[in-house]
Amino acid sequence: ASTLRDAAEANGKWMGVAVADGKLGNSTYTGIAGGQFSSVTPENVMKWDTIEPSRNSFNFAGGDRLVDFAQAHDQQVYGHTLVWHNQLPNWVSNGGFSASELTSVMNNHITNVVSHFAGDVKYWDVVNEVFNEDGTLRPSVFSSTLGQSFIATAFRTAHAADPNAKLCINDYNTETANAKSNALYSLVSSLLSQGVPIDCVGFQSHLILDQVNGSAIQSNMQRFADLGLEVNVTELDIRMNTPSDSTRLQRQATQYASVVDACLAVSACGGITVWGVSDADSWVPNTFPGEGAALLYDESYQPKPAYNGVLTAF
Ligand code: XIL
């Protein structure tokens with residue numbers, strides 16, 4: 001195959017990328033995003049602060065642009081994200097809502113967003129990052145006001161708004177077996193036993209060079225798959241200290257390939273999304289100062305060894 005999307009598709013998987021709304025005017029960027037990938041995730045424009053900046057006032061413009069882009073390039077849309085403690089507007093986090101008020105605020109958000117995109121968004125990250133590293137529930141306005149039950153409520157509300165969307169729970173540092181992924185495993189097991197409509201688990205996979213263990217990723221994905229869930233790699237990047245050098249870029253290629261191999265070995269793995277087109281687009285340098293070079297294309301939009309590592313692993 002000569003594109004990532006064709007290589008993935010030949011194995012029954014999709015290959016996705018996070019798309020930044022502000023880059024849709026750059027033809028180099030859109031040529032790669034549209035040509036190499038079969039799935040797109042909005043990097044920011046479907047988050048709560050963008051889409052419902054004030055109560056019951058919805059801004060779907062960026063999300064609609066992403067859907068149009070996807071349709072023009074024969075791509076699926078992976079919706080991200082309905083309920084998250086970050087990029088949450090103040091009117092929600094500091095609104096002083098009672099439990100019943102916050103339930104109606106959350107359900108109104110989910111219902112409006114999911115209904116608007118019904119038929120155009122195939123997957124939703126219904127809840128994002130609900131756990132601490134030790135596996136306890138992360139403090140947020142949702143957990144502190146409603147307890148853990150906000151999670152089941154969010155899934156049921158999303159399902160009612162679009163019964164055909166695949167509904168996922170998404171998190172980071174859950175790629176291998178540890179306290180956080182064990183808590184996630186317990187939660188999704190309990191949601192399934194209660195009949196909560198959950199279809200998939202997303203593993204963000206913001207990984208660090210030389211700390212990637214493909215077989216541990218595979219076995220962890222498999223235990224979730226064995227519950228009957230789809231498993232997806234949703235935000236993959238493999239960062240390193242910058243500036244990069246050729247030996248580390250070669251190791252990065254091998255480590256990207258090991259993630260592809262893990263997905264290929266798990267039949268319930270739907271696909272892999274990388275968190276940005278190029279190193280010029282990545283969130284990493286802003287979030288982890290001194291680190292970067294985490295994606296498949298360099299800052300000049302030239303394919304890196306990691307690009308070939310992914311292409312040939314499929
Ligand atoms: C990041 C975006 O890439 C940045 O542009 C934004 O400033 C902050 O959020 N986990 C997630 C993503 O689920 O939504 C985050 O995206 C990266 C970490």
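Entry 1. I began with asparagine 26, which sits in the loop that joins strand 1 (14-19) to helix 2 (27-36). The model I consulted is predicted. I counted 16 C-beta neighbours inside 10 Å of asparagine 26, so this residue counts as partly exposed; the buried class would require 20 or more.

Entry 2. I turned to the chain as a whole. I found 13 helices and 10 strands in its secondary structure. The radius of gyration is 19 Å, close to the 20 Å given by the globule rule for 314 residues, so the chain is as compact as a globular protein of that length. Along the principal axes, the C-alpha atoms fill a box of roughly 55 × 40 × 35 Å. Of the 314 residues, 48% are buried. I also checked the contacts between residues at least 6 apart in sequence, and 75% of them join residues at least 24 apart.

Entry 3. I next examined how helix 6 (residues 99-116) meets helix 8 (residues 149-161). Their axes come within 9 Å and cross at roughly 35°, and the crossing is right-handed. On the side of helix 6, I listed Thr103, Met106, Asn107, Ile110, Thr111, Val114 and Ser115 as making the contact. Helix 8 contributes Phe150, Thr153, Ala154, Thr157, Ala158 and Ala161. Sorted by class, this contact comprises 7 nonpolar and 6 polar residues, with no charged residues.

Entry 4. I looked up leucine 209, which I located in the loop between strand 7 (206-208) and helix 10 (214-225). It has 18 C-beta neighbours inside 10 Å and therefore counts as partly exposed. Setting aside neighbours within four places in sequence, I recorded contacts of leucine 209 with Ile238, Arg239, Met240, Arg248, Arg251, Gln252 and Gln255. Leucine 191 lies 18 residues away along the chain, and the C-alpha atoms of leucine 191 and leucine 209 are separated by 34 Å.

Entry 5. I closed with the ligand. Which residues surround the ligand? I noted Glu43, Asn44, Asn128, Gln204, Glu235 and Trp283 around it. By class, this shell divides into 3 polar, 2 charged and 1 nonpolar residues.

Definitions and conventions. Residues are numbered from 1 along each chain as its sequence is written. This is a predicted model: local features need pLDDT of at least 70, side-chain atom pairs count only at pLDDT 80 or more; totals for chains, interfaces and linings use all residues. A residue is near a molecule or strand if its C-beta atom, placed from the backbone, lies within 6 Å of it. Ala, Val, Leu, Ile, Met, Phe, Trp, Tyr, Cys and Pro count as nonpolar, Asp, Glu, Lys and Arg as charged, and the others, Gly among them, as polar. Helices (H or I, at least four residues) and strands (E, at least two) are DSSP runs, numbered from the N terminus. The radius of gyration is taken over C-alpha atoms; the globule rule is 2.2 Å times the number of residues to the power 0.38. A residue is buried if 20 or more other C-beta atoms lie within 10 Å of its own, exposed if 12 or fewer, and partly exposed in between; C-beta atoms are placed from the backbone. Two residues are in contact if their C-beta atoms, placed from the backbone, lie within 7 Å. Axes are lines fitted to C-alpha atoms, for helices over the stretch in contact, and angles run from 0 to 180 degrees between N-to-C directions. A crossing is left-handed if the near helix is turned anticlockwise from the far one by less than a right angle, and right-handed if clockwise.
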